[in-house]
Amino acid sequence: MSILSPSKLPFFEQIQREIGEYTLVEDAEEEICELYGVYYSKSAETRPNMVDATKSELDVELQNGKTRISLSIAQNPNINSELGQTGAVVWDSGLVMSQFFVDQQASGRWDLSQVNAVELGSGCGLVGLVLHRLGARRVVLTDQPRMMKLLQKNVDQCTRQSATPHAKSKSKAGAPGVVYATEYLWGHPPTDLRVLQEDVDAIVVSDCVFNENVASLLAATLVDACRRARDDASTSHPVVVVIGQELRSDIVHQEFVAQLLENFVLYRVPVAAHADGYHTLYVAWLKQ
């Protein structure tokens, strides 16, 4: 019997094919003990510092073999210094997740070239734009209204770069599909009805949990978004949620995991060696 390549499989089935490499998370307290046992064993001096948040523009280079992504991402450190505003600069977790996607594509473990993805809390848009550059069929980047100007600037810049002969020659991942930015307030249905239409395969979230209140709000929004996406879908496959998070407060992270476990099957995915102990990645889908 022939084994289908990732490109022939729906995204959920691609995840199932690799599930033996992932760690099933069933208890929030046990997950925190395992993660933070490693976290507290490491010296603060070894914590990777990948992003200069003081720059107004960040040049990002991601590569694995022939798969190479080059992006210039605008940041706004002035907004980021205001209370409650954290999305106006790129965070390390966004780079970890972006490189993870590049590695998955390059290794053939996942094929992201036909994925229909929605990113929540896009901020500057790095993760979603990397998916776009990897050839995703459709990527919708979302955030609160105040972030739209910066997010749209980066979408426009990315699409202009993609259209140049130089950019095309450097991209080995496939022809990018549709990408756009729109508002999506957590806790409310999206006002832009396009967001959860067209058979969404994946919802992506990178480093969006900083306190317990956000943990519960994001978990509830993910449940609602996954249900709405399936109600509008022509396929029975669950929507896969891919979550990246930098480890900071063990209390906040435990609350987030506990909230997710109420409604989702949750697996922890291995991260790169330099990020291990400081960052974590999960895949999840709604329980049946």
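A polar contact is a pair of N or O atoms within 3.5 Å. I take this definition as the starting point for my entries on a predicted model.

**Entry 1: N116**

I looked up N116 and found it in strand β4, which covers residues 116-120. A polar atom of its side chain lies 3.4 Å from the backbone oxygen of D199. Setting aside neighbours within four places in sequence, I listed the contacts of N116; among them are R137, R138, E198, D199 and A202.

**Entry 2: Salt bridges**

I noted that side chains of opposite charge can pair when their charged atoms come close. My search of the whole structure gave 11 salt bridges. One of the pairs is R138 with E198, whose closest N and O atoms are 3.7 Å apart. This pair links distant parts of the chain, 60 residues apart: R138 belongs to strand β5 (residues 138-143), while E198 lies in the loop between β6 and β7. R138 counts as buried because its relative accessibility is 3%. E198, at 48%, is partly exposed.

I next examined R194 and D192, whose side chains form a salt bridge with an N to O distance of 2.7 Å. R194 is partly exposed at 41% relative accessibility, whereas D192 is buried at 15%.

**Entry 3: The nonpolar cores**

Which residues have the most contacts inside the largest nonpolar core? I found F101, W110 and V283, in a core of 53 residues. Helix α4, residues 92-107, gives the most to this core, namely six residues. For V283, leaving out residues up to four places away in sequence, I noted contacts including I15, Y22, W110, V240 and L266. A second, separate core has 41 residues, among them C208, L222, V241 and L260.

**Entry 4: Helix α4**

I checked the length of α4. At 1.5 Å a residue, its 16 residues should span 22 Å, and the end C-alpha atoms are 22 Å apart, which agrees. Of these 16 residues, 12 are buried, so the helix is largely enclosed by the rest of the structure. The buried residues include D92, L95, M97, F101 and Q105. After α4 comes G108, for which I recorded a positive phi, near 80 degrees.

Terms used: Residues are numbered from 1 along each chain as its sequence is written. This is a predicted model: local features need pLDDT of at least 70, side-chain atom pairs count only at pLDDT 80 or more; totals for chains, interfaces and linings use all residues. Side-chain values use heavy atoms; hydrogens and water are left out. A nonpolar core is a set of buried Ala, Val, Leu, Ile, Met, Phe, Trp, Tyr and Cys residues joined through side-chain atoms within 4.5 Å. Buried means under 20% relative accessible area, exposed over 50%, partly exposed in between (1.4 Å probe, protein chains only). Helices (H or I, at least four residues) and strands (E, at least two) are DSSP runs, numbered from the N terminus. Contact means heavy atoms within 4.5 Å. The expected span of a helix is 1.5 Å times one less than its number of residues. A polar contact is a pair of N or O atoms within 3.5 Å; within protein, one must be able to donate a hydrogen and the other to accept it, and residues adjacent in sequence count only if both atoms are side-chain atoms. A salt bridge is a side-chain nitrogen of Lys or Arg within 4 Å of a carboxyl oxygen of Asp or Glu.
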